Amino acid sequence: MSDDIHDGVGHYDVVLLVEQALSGGDARQVHGLHDSIEDPVVYHVLIPVEDSANRIEAGLGGLGSGEMLVVPSAAISDADLADIREELLEECRADLASTIEALRVSGARAVGETVAIDPIEALAAKVAEVDAREAIVLTRPHVVQEFFHLDWTSRARRKLGVPVLHLLEHENFDEQAGEGEGITGV
């Protein structure tokens, strides 16, 4: 799903960084943000591939019920890690295809890609590549990360020179009102 959507016509490019597949409602909400834009709007979706090593460590850490759990290095083979990485990549590709389809069903033009590098680095690169007018970060709530400003949105606001909108997936605008979310300049 490359970004070969540019056909020489002026576009209003928006880069979306999402954690998981957008629902139809999420896609309609995002697309609805740009109803008044006269130029054709093109959404460039980025979905990070979850790092399998971090996922395994987090899962193993949870097994200890708060106790330190030591796992012998032989417990997880390179083949097992490769299988897990492939499974995560397949899930990510399916989420990307589902998100692109949800946006297209809403009437939007959308392309996308999975990213294996730091999500904010990928977002910054895509914003620069397509000369995006704005970036939207769609996440699940991350109370602790947001409190310490380590979440994607806070990092993106510090790095990008375009407005950044943070939306919480599966919540409409009214449900998000008053929670400090919204468009901010950099």
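Reply: Let's start with K126, which counts as buried at 5% relative accessibility (buried is under 20% relative accessible area, exposed is over 50%, and partly exposed is in between, with a 1.4 Å probe and protein chains only). This is a predicted model, where local features need pLDDT of at least 70 and side-chain atom pairs 80 or more, while totals for chains, interfaces and linings use all residues. Residues are numbered from 1 along each chain as its sequence is written, and side-chain values use heavy atoms, leaving out hydrogens and water.

So who does K126 pair with? One partner is E113, in a salt bridge of 2.8 Å, N to O (that is, a Lys or Arg side-chain nitrogen within 4 Å of an Asp or Glu carboxyl oxygen). K126 sits in helix α4 (residues 119–130) and E113 in strand β3 (residues 109–115), so this pair ties together parts that are 13 residues apart in sequence. E113 is partly exposed, with a relative accessible area of 28%.

The other partner is E129, whose side chain meets that of K126 at 3.2 Å, N to O. K126 and E129 are three residues apart in helix α4, which puts about one helical turn between them. E129 counts as exposed, at 56% relative accessibility. Put together, E113, K126 and E129 are linked in a network of salt bridges.

Now the wider setting. The protein chain has seven helices and six strands, running β-α-β-α-α-β-α-β-α-α-β-α-β from the N terminus on. Of its 186 residues, 42% count as buried.

The largest nonpolar core has 20 residues, and V14, L16, V18, Y43, V45, L103 and L138 touch the most other members (a core being buried Ala, Val, Leu, Ile, Met, Phe, Trp, Tyr and Cys residues joined through side-chain atoms within 4.5 Å). At least two residues each come from β1 (12–18), α1 (24–32), β2 (41–48), α3 and β4 (134–139). Helix α3 gives the most to this core, with five residues.

Terms used. Helices (H or I, at least four residues) and strands (E, at least two) are DSSP runs, numbered from the N terminus.
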